[in-house]
Amino acid sequence: MLKISIDDILKSTKGKSLLNYKEEDISYISTSSKDIKENTLFIPIIGEVYDGHKFMEDAYNNGCRNFLIDENHKFDKEDINLIQVKNTTVALGNIANFYLKKFNIDIIGVTGSVGKTSTRDIIYSVLNEKYKTLKNEGNFNNEIGIPKTLFNLDETYELAVIEMGIDKKGDINYFRTIADPKISVISNIGLSHIANFKNQEGIFNAKMEIADGFSKENTLIINGDDKFLKTLKTKNLSYNLLSYGFEKDNTIYCTSYEIQNGKINFTCKYNDKELNFSIPSIAKHNIYN
């Protein structure tokens, strides 16, 4: 992470300085009181089980001297920088967006009910052959993980592949305020988290937030065999649409495949050209990925 100033934190969060003990640059941001390094900013997150504000004392004892705090908590220390914000989770995202704008890189956003992590990893492995590419690791695909991923950026990176998971409507629109994709990928519309939606159409609408505000400068890539996503192919869209799958009306489609010796060899057609691929998997769904 490149250094950012306390003033940058104040500007990006629209926060209020309660204590300005020492002017120093922030070189690390943590949401864990156990993960404290030199010049760390500790951001206490309120989760479903724990309130991070309860661990501010632990962070202080571990050497942290820079803190965010929300309007409903207090922290009585004299030798700290303390910035008050309305919501610490939103502030984390605001800081990440401010930090991202320091770099001239394009974001590829990936979402979907199934296969999004494999798809993200495959996209990353291909792009990273030519461009230094960042991706979120593991399950860092939420309002905490996405900002933490972006803090790994430095001037050597050229692209970022960011997986975006959802639990409810509006999640992806929020993630886009942190890292707005130039290119988005939707792997499929399944039944994940359907309890939080009325039906699959609700999941489809929530996933489609990843293309909100897209123009001709943006591209959405979809699984064109998915019964919900394929409906986009007949619509007059304000952005570029590419599709993939096994059906012949897709931009790129698989014409044949065989599974042998622990791998899949398959052929795709794209712009009237045949392209041959081989992947170390015996799962047909990885052709989609």
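User: How many aromatic pairs does the structure hold?

Analyst: This is a predicted model, and the pairs are computed from its atoms. Two rings count as a pair if their centres lie within 6.5 Å. On that basis the number of aromatic pairs in the structure is 13.

User: What kind of pair do the rings of Tyr-99 and Phe-103 form?

Analyst: Both Tyr-99 and Phe-103 are buried. Their ring centres are 5.2 Å apart. The planes stand at 70°, and planes over 60 degrees apart have their own class, so the pair is edge-to-face.

User: And how are the rings of Phe-266 and Phe-277 arranged?

Analyst: The centres of these two rings, Phe-266 and Phe-277, are 5.3 Å apart. The angle between the planes is 25°, and the cut-off for this class is under 30 degrees. The pair of Phe-266 and Phe-277 is therefore stacked.

User: Which strands does that pair link?

Analyst: Phe-266 and Phe-277 are eleven residues apart, and their pair links distant parts of the chain. Phe-266 belongs to residues 263-270 and Phe-277 to residues 273-279. The strands are β13 for Phe-266 and β14 for Phe-277.

User: Which residues do ring pairs link into a cluster?

Analyst: Ring pairs join four named residues here. The members of the cluster are Phe-42, Tyr-60, Phe-67 and Phe-75.

User: Which ring has the charged end of Lys-284 over it?

Analyst: A lysine also lies over a ring face elsewhere: Lys-37 is over Tyr-28, at 4.3 Å from the ring centre. For Lys-284, the distance from the charged end to the ring centre is 4.7 Å. That ring belongs to Phe-246.

User: How many helices and strands are there in the protein chain?

Analyst: The C-alpha atoms of the chain fill a box of roughly 70 × 40 × 35 Å along the principal axes. The secondary structure of the protein chain comes to eight helices and 14 strands.

Definitions and conventions:
Residues numbered from 1 in each chain as written. Predicted model: local features only at pLDDT ≥ 70, side-chain atom pairs only at ≥ 80, totals over all residues. Heavy atoms only, no water. Phe/Tyr/Trp six-rings, centres within 6.5 Å; stacked < 30°, edge-to-face > 60°. Buried < 20%, exposed > 50% of the residue type's maximum accessible area, 1.4 Å probe, protein only. Helix = DSSP H or I, 4+ residues; strand = E, 2+ residues; numbered from the N terminus. Lys NZ or Arg CZ within 6 Å of the ring centre and 35° of its normal.
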